[in-house]
Amino acid sequence: MIENLTKEWKNIIENYIDGLNEKDKLGEYRDELVSVFLSKKLLQAKVDNTENVELKKRLIKIQDKPATSNNRKEFESCYHDMLNENAIGSFNKQLDKIYKKTNFYNIWICRAIESSEGILPATHCAKLSHSSSSGSSILDRTTEQDNCYITTSSLRTELLDGTYLDAKYSKQIKFLMLQNGTRYLFDELSSKSKAGLRHFADDQDELDRWISRYHKILNTRPSTDALLKQIYFPVSDNYHLLSILKSSSIAQYLHQSHFSKDARKQRDKYDKALRNKKFLPDTYKRALNVNNLMVTQSQPQNASILNGKRGGVMKLLKTAPPIWNTQLIPPIHCKSWFSRGIPYSSVKDDIEYLRAFLLRNEKLALSTRHPDRRKWLIKWGMDIIDTVLYHAQNIQSLPSGWSQDNDIKLKQHQQYFLDPNRDDKVFQRQRKTTDWQKKVCDDFATWLNGLLRGRDKKFTPQKEHRKLWSLLMSHALRNLAPVLDIKESGKKVSDV
């Protein structure tokens with residue numbers, strides 16, 4: 001079983017390294033390993049171990065130099081001079097092992113281990129908060145879900161990002177994120193399994209060092225950084241985190257499903273079908289009011305692997321609650337539009353003022369025919385009519401002909417009122433020869449008196465009230481004569 005697993009990982013790792021086309025750099029990478037080894041030893045060497053002033057200066061100077069292949073000879077020269085002065089112990093056996101390395105896979109892995117500090121798989125990336133952040137990224141693989149929150153555990157499939165201190169180390173994190181089925185190479189190394197790298201080590205000691213080093217890197221204790229911009233609020237003996245690390249996994253899932261090249265092609269397909277009024281069997285989903293947050297846009301790959309794939313763009317979705325939009329529906333299934341077509345909230349204040357006025361006058365036995373009191377009846381009555389006609393005009397603006405529905409229950413005279421442009425010769429002829437506006441005015445008066453009567457029935461409308469409401473509506477309709485083709489009426493409000 002272990003042997004089969006080792007062979008599987010051997011093929012996966014070899015295919016990955018071969019795909020990098022770096023075998024011509026074997027000598028360069030080996031020289032770099034020599035420089036790294038000597039650099040560590042020279043950094044540990046004490047300057048006071050030698051009385052040679054020039055050698056002391058060289059040692060101090062070389063300790064600040066990067067461990068690259070170009071500096072190998074200088075490191076070697078300093079090491080041998082220190083060795084000749086008995087200022088450093090001998091490491092010739094270890095160096096000889098490095099010099100004799102010829103297996104490119106082994107050399108590549110040795111080099112990858114030496115440059116893997118700060119290279120981690122993650123779901124939440126520190127550099128998405130600030131490109132210079134040195135704080136720890138977090139790998140969240142918890143499975144617990146809470147429908148109140150969107151978390152990485154909410155994703156249908158695990159989606160991991162690779163983080164590093166610099167994009168030049170992207171090959172190393174991609175190496176750790178190689179997969180054998182559902183298991184990653186870093187899973188093997190984190191659990192101290194040797195199956196992944198067993199085939200490539202020169203001996204057991206080297207394999208043990210590899211596993212120990214990777215285990216330490218992958219299990220480094222997390223640390224924060226001011227550039228993470230996290231805010232901690234004290235709670236009892238603990239704290240509550242008010243601003244969390246950005247999840248690259250969730251950002252990538254959102255990008256792939258709605259904003260990737262494939263998603264845009266699919267959206268264009270739907271848009272074209274909508275414009276041409278063609279049927280598509282799938283559900284059309286579109287994110288609205290989206291803004292872009294740029295993350296290291298000039299060099300997006302410096303933040304993380306997935307940030308590079310997104311071109312440094314993170315999408316900000318609108319978090320405001322949805323706005324309720326009322327759908328305007330023609331009054332096909334009600335007998336009278338006045339009973340259901342006018343929201344009570346739109347006339348509530350005027351109805352209450354008018355009803356209180358009428359009740360007060362009734363209690364004091366005051367006639368509403370008095371000019372000063374009558375003008376208030378007319379004012380509130382016209383305010384209500386203005387609101388009613390506003391809602392009527394909304395219905396009249398619907399595509400004409402809706403009243404031709406076979407199941408329509410609306411009164412015929414209200415159809416003449418609310419669907420005036422219906423393309424039907426018989427309908428239009430009857431509309432012109434019928435006094436439908438009088439019936440509409442009577443319906444309005446009945447509806448308004450019903451609201452004034454109220455549930456408590458404290459007020460009882462009189463005939464004069466009905467006549468006044470009907471006449472006020474008649475005058476209002478007459479102002480719409482050019483639109484609704486209404487006959488002139490000579491009756492005035494003062495006649496009632």
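This is a predicted model: local features need pLDDT of at least 70, side-chain atom pairs count only at pLDDT 80 or more; totals for chains, interfaces and linings use all residues.
**First stop: helices α2 and α5**

Begin by selecting residues 26–44, which form helix α2, together with residues 92–99, which form helix α5; the axes of these two helices come within 9 Å and cross at roughly 160 degrees. Because angles over 145 degrees count as roughly antiparallel, α2 is described as roughly antiparallel to α5. Now show the side chains that make the contact, which are Arg30, Leu33, Val34, Phe37 and Leu38 on α2, and Gln94, Leu95, Ile98 and Tyr99 on α5. Sorted by class, the contact of α2 with α5 has seven nonpolar residues, one polar residue and one charged residue.

**Second stop: serine 153**

Next, select serine 153, which you will find in the loop between strand β1 (120–122) and strand β2 (161–163). Is serine 153 buried or exposed? With a relative accessible area of 10%, serine 153 is buried, since the word buried is used for values under 20%. Leaving aside residues up to four places away in sequence, serine 153 touches Thr142, Thr143, Glu144 and Gln145. Among these neighbours, pick out glutamate 144 and draw a distance from its backbone oxygen to the side chain of serine 153, where a polar atom lies 2.8 Å away.

Move on to lysine 229, which sits in the loop between helix α9 (204–218) and strand β5 (232–235). The phi angle of lysine 229 is near 60 degrees, which is a positive value in a residue other than glycine. Lysine 229 is exposed, and its relative accessible area is 51%.

From there, follow the chain to serine 236, in the loop between β5 and strand β6 (238–241). Serine 236 also has a positive phi although the residue is not a glycine, and here the value is near 50 degrees. With a relative accessibility of 77%, serine 236 counts as exposed.

Now select residues 344–363 for helix α14 and residues 436–453 for helix α18, which pack at an angle of about 70 degrees with their axes 9 Å apart. Since angles from 65 to 115 degrees count as roughly perpendicular, α14 and α18 are roughly perpendicular to each other. The crossing of α14 and α18 is right-handed. To see what holds the place where they meet, display Tyr344, Val347, Ile351, Leu354, Arg355 and Leu358 of α14, and then Trp447, Leu448, Leu451, Leu452 and Arg453 of α18, which make the contact. By class, the contact of α14 with α18 has nine nonpolar and two charged residues, and no polar ones.

**Last stop: helices α15 and α19**

Finish with residues 371–396, helix α15, and residues 463–478, helix α19, whose axes come within 10 Å and cross at roughly 55 degrees. This angle makes α15 oblique to α19, and the crossing of α15 and α19 is right-handed. Counted by class, the contact of α15 with α19 has 12 nonpolar residues, one polar residue and one charged residue.

Key: Residues are numbered from 1 along each chain as its sequence is written. Side-chain values use heavy atoms; hydrogens and water are left out. Axes are lines fitted to C-alpha atoms, for helices over the stretch in contact, and angles run from 0 to 180 degrees between N-to-C directions. Helices (H or I, at least four residues) and strands (E, at least two) are DSSP runs, numbered from the N terminus. Angles under 35 degrees count as roughly parallel, over 145 as roughly antiparallel, 65 to 115 as roughly perpendicular and the rest as oblique. Contact means heavy atoms within 4.5 Å. Ala, Val, Leu, Ile, Met, Phe, Trp, Tyr, Cys and Pro count as nonpolar, Asp, Glu, Lys and Arg as charged, and the others, Gly among them, as polar. A crossing is left-handed if the near helix is turned anticlockwise from the far one by less than a right angle, and right-handed if clockwise. Buried means under 20% relative accessible area, exposed over 50%, partly exposed in between (1.4 Å probe, protein chains only). A polar contact is a pair of N or O atoms within 3.5 Å; within protein, one must be able to donate a hydrogen and the other to accept it, and residues adjacent in sequence count only if both atoms are side-chain atoms.
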